[in-house]
Amino acid sequence: MDTKILIIGACGQIGTELTQKLRQIYGVDNVIASDIRKLNIDVVNDGIFEVVNALDYNQIEHLIEKYQITDVYLMAALLSATAEKNPAFAWDLNMNSLFHVLNLAKAGKIKKIYWPSSIAVFGPTTPRDNTPQYTIMEPSTVYGISKQTGERWCEYYHTQYGVDVRSIRYPGLISWSTPPGGGTTDYAVDIYHKAITEGEFTSFLSENSGLPMMYMDDAIKATIGIMQAPAEQIKIRSSYNLSAMSFTPKEIAAEIKKHFPDFAIDYAPDFRQKIADSWPASIDDSRAREDWGWQNDYNIENMTVEMIAKLKEHIYK
Ligand SMILES: NC(=O)c1ccc[n+]([C@@H]2O[C@H](COP(=O)([O-])OP(=O)(O)OC[C@H]3O[C@@H](n4cnc5c(N)ncnc54)[C@H](O)[C@@H]3O)[C@@H](O)[C@H]2O)c1
């Protein structure tokens, strides 16, 4: 059977770029984008788009039958900073959307699921540097608790029911085309915009707050890479550690200064500092590299060159 894809949460930071790439690879008619909101963006206008609520099992089932979907990419979620403001709703959305998709696969209605986890599954008791795949996991945010629980259920559905679910623990993601959706690493996108438009930036994390980060092109490459790998290569069915680079606000500011020598940064840490302090500074992703051949293309230097060029070319013309 040909691959027919449904992306739930396609209008978000990752969904927009993922949808475009999947349409290029599998063809416009084989990729159905969906989201709870219908925005006037390429994802909606350039192919098939449906409004769907990820919390409504019947709506998802209907779309799966209508388009004979084989693969679901579940990107809808409440992110870390937003989730802290509405813990009960975050738990509801992040968990029940996952259960719906897992149960549809268990019922044999779809073949493969992609579900993203996050470095937020780790907590203050986790070793912070080069965090191993298997280690202490005591997340202290509702977002992290939902992602860790989700990982356990993914592995359970795989072992008990043979569900082919694949997952990556994304670090903070940086992209030029879509605004970030309320995460603790959002500053690392905003800083590029402000460098171009204002020449100065106030960081909501302190200067030496190191976090793992990744350029969006690499995240999309990993997402499609893990989904295209033969099933037997996916040996971890909770979620894979994934890494490309780690930096602090001070380090990214220094990189930006190479392009804008007058760029100035100051620091006004807010509630997100506490979240950042509970997360790893760097990640050991050797299992993803060994098992299914993960390799990153971007580091802080070439990402900065590309972010500035793309923002100038497309956004601040
Ligand atoms: N962006 C990051 O840095 C990052 C890092 C780690 C993990 N992740 C994970 O990746 C996934 C996607 O993240 P993102 O950054 O694109 O998030 P985002 O907030 O930018 O996008 C999420 C999308 O889901 C949609 N959505 C929300 N509720 C919905 C519902 N009930 N039904 C259907 N759609 C709904 C939103 O409208 C939005 O377009 C999430 O699971 C997130 O936890 C993201």
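Which residues do ring pairs link into a cluster? Select Phe99, Trp153, Tyr156, Tyr157 and Tyr161: ring pairs join them into a cluster. Rings of Phe, Tyr and Trp (its six-membered ring) pair if their centres lie within 6.5 Å; planes under 30 degrees apart count as stacked, over 60 as edge-to-face and the rest as tilted.

Before going on, note that this is a predicted model, in which local features need pLDDT of at least 70 and side-chain atom pairs count only at pLDDT 80 or more, while totals for chains, interfaces and linings use all residues. Residues are numbered from 1 along each chain as its sequence is written, and side-chain values use heavy atoms, with hydrogens and water left out.

**Stop 1: the aromatic pairs**

The count by the ring rule is eleven aromatic pairs. Zoom in on Trp153 and Tyr156: their ring centres are 5.6 Å apart and their planes stand at 80°, so this pair is edge-to-face. Both residues lie in helix H6, three residues apart, about one turn of the helix. Helices (H or I, at least four residues) and strands (E, at least two) are DSSP runs, numbered from the N terminus. Trp153 is partly exposed at 31% relative accessibility, and Tyr156 is partly exposed at 36%. Here buried means under 20% relative accessible area, exposed over 50%, and partly exposed in between (1.4 Å probe, protein chains only).

Next, select Tyr215 and Tyr298, a tilted aromatic pair with 4.6 Å centre to centre and 55° between the planes. This pair links distant parts of the chain, 83 residues apart: Tyr215 is in strand S11 (residues 211-215), and Tyr298 is in the loop between helix H11 (286-292) and helix H12 (300-315). Tyr215 is buried, with a relative accessible area of 0%; Tyr298 is also buried, at 14%.

**Stop 2: charges over rings**

Then show Arg272 with Phe204: Arg272 lies over the ring face, 3.5 Å from the ring centre. A charge sits over a ring if NZ of Lys or CZ of Arg is within 6 Å of the ring centre and within 35 degrees of the ring normal.

**Stop 3: the two domains**

Colour domain 1 (5-172 + 214-241) and domain 2 (174-213 + 246-315) separately; the bounds come from an automatic or database domain assignment. The domain centres, taken over C-alpha atoms, are 23 Å apart. In contact (heavy atoms within 4.5 Å) are 43 residues of domain 1 and 42 residues of domain 2.

How much area do domain 1 and domain 2 bury between them? The value is about 3,500 Å², 57% of it on carbon and sulfur atoms. Buried area is the accessible area (1.4 Å probe) that two parts lose on being put together, summed over both. Highlight Gln13, Arg128 and Tyr215, which supply 21% of the area domain 1 buries against domain 2, more than any other three residues.

The interface has one salt bridge by the rule, a side-chain nitrogen of Lys or Arg within 4 Å of a carboxyl oxygen of Asp or Glu. Select Lys221 and Asp297 to see a salt bridge whose closest N and O atoms are 3.2 Å apart.

**Stop 4: two loop residues with positive phi**

Gln68, in the loop between helix H3 (57-67) and strand S4 (71-74), has a phi near 50°. Gln68 is exposed, at 59%. Finish at Asn130, in the loop between strand S6 (117-118) and helix H6 (142-161). Its phi is near 50°, and Asn130 is partly exposed at 48%.
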